[in-house]
Amino acid sequence: MKRYLIFAAVGPFLGGFLMLVATTYASGYWTHTSAAEVAKLFVVFGKTLQFAYLFGIVPALMIAAVDDILFHVRRISWVTRMLIVGAIGFAMAELIYGGLRLEPSVVQFILYGLPGLVPALVASWLSHRYAEPRPLAAA
């Protein structure tokens, strides 16, 4: 159960921020950057965080279910599981958000895949670190 809570808390937060960065970069907003514009980005992120959780909670829980299934496969190490979950998150985000780009390019392909890749990797690592049962020490 901890695994699902970790994915639900971390996934929409990081994914929403990276999606905001990807859309602002794709719109050409970062051509002339100043400290005020970066501050504006964080203000907009704070205002749109509720929508990131609203639309990101279900995909985050779907990725958590994949991570949970792979956890029960004994031959898969936690690093391999983390990479598989990250690749699936990248593919899901690219399929969902890939239609938003105006002109197809490698940079935009990567930018629209990152909102799925990074939260999946971070949440999978956190679930390995904090949600998996620890073996008992021998007396």
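**View 1. Buried residues of helix 3.** In this predicted model, helix 3 buries Arg-81, Met-82, Val-85, Gly-86, Gly-89, Phe-90, Ala-93 and Glu-94. The cover over these buried residues includes helix 1 (2–26), helix 2 (35–71) and helix 4 (106–130). An α-helix has 3.6 residues a turn, so residues three or four places apart point the same way.

**View 2. Helix 3 from end to end.** Helix 3 covers residues 78–97, 20 residues in total. The distance from its first C-alpha to its last is 28 Å, close to the 28 Å expected at 1.5 Å a residue.

**View 3. The largest nonpolar core.** This core consists of 11 residues, among them Val-85, which also belongs to the buried residues of helix 3. Other members include Ile-6, Phe-7, Val-10, Ile-63, Leu-70, Ala-123 and Leu-126. At least two residues of the core come from each of helix 1, helix 2 and helix 4.

**View 4. Contacts of Ala-123.** Leaving aside residues up to four places away in sequence, Ala-123 touches Ile-6, Phe-7 and Val-10.

**View 5. The chain as a setting for the close-ups.** The chain contains four helices and zero strands, and its C-alpha trace spans about 60 × 30 × 25 Å along the principal axes. Of its 139 residues, 34% are buried. Among contacts between residues at least 6 apart in sequence, 72% join residues at least 24 apart. The accessible surface comes to about 8700 Å², with 73% belonging to carbon and sulfur atoms.

Conventions:
Residues are numbered from 1 along each chain as its sequence is written. This is a predicted model: local features need pLDDT of at least 70, side-chain atom pairs count only at pLDDT 80 or more; totals for chains, interfaces and linings use all residues. Side-chain values use heavy atoms; hydrogens and water are left out. The expected span of a helix is 1.5 Å times one less than its number of residues. Buried means under 20% relative accessible area, exposed over 50%, partly exposed in between (1.4 Å probe, protein chains only). Contact means heavy atoms within 4.5 Å. A nonpolar core is a set of buried Ala, Val, Leu, Ile, Met, Phe, Trp, Tyr and Cys residues joined through side-chain atoms within 4.5 Å. Accessible areas come from the Shrake-Rupley method with a 1.4 Å probe; for residues, only the protein chains shown count as cover.
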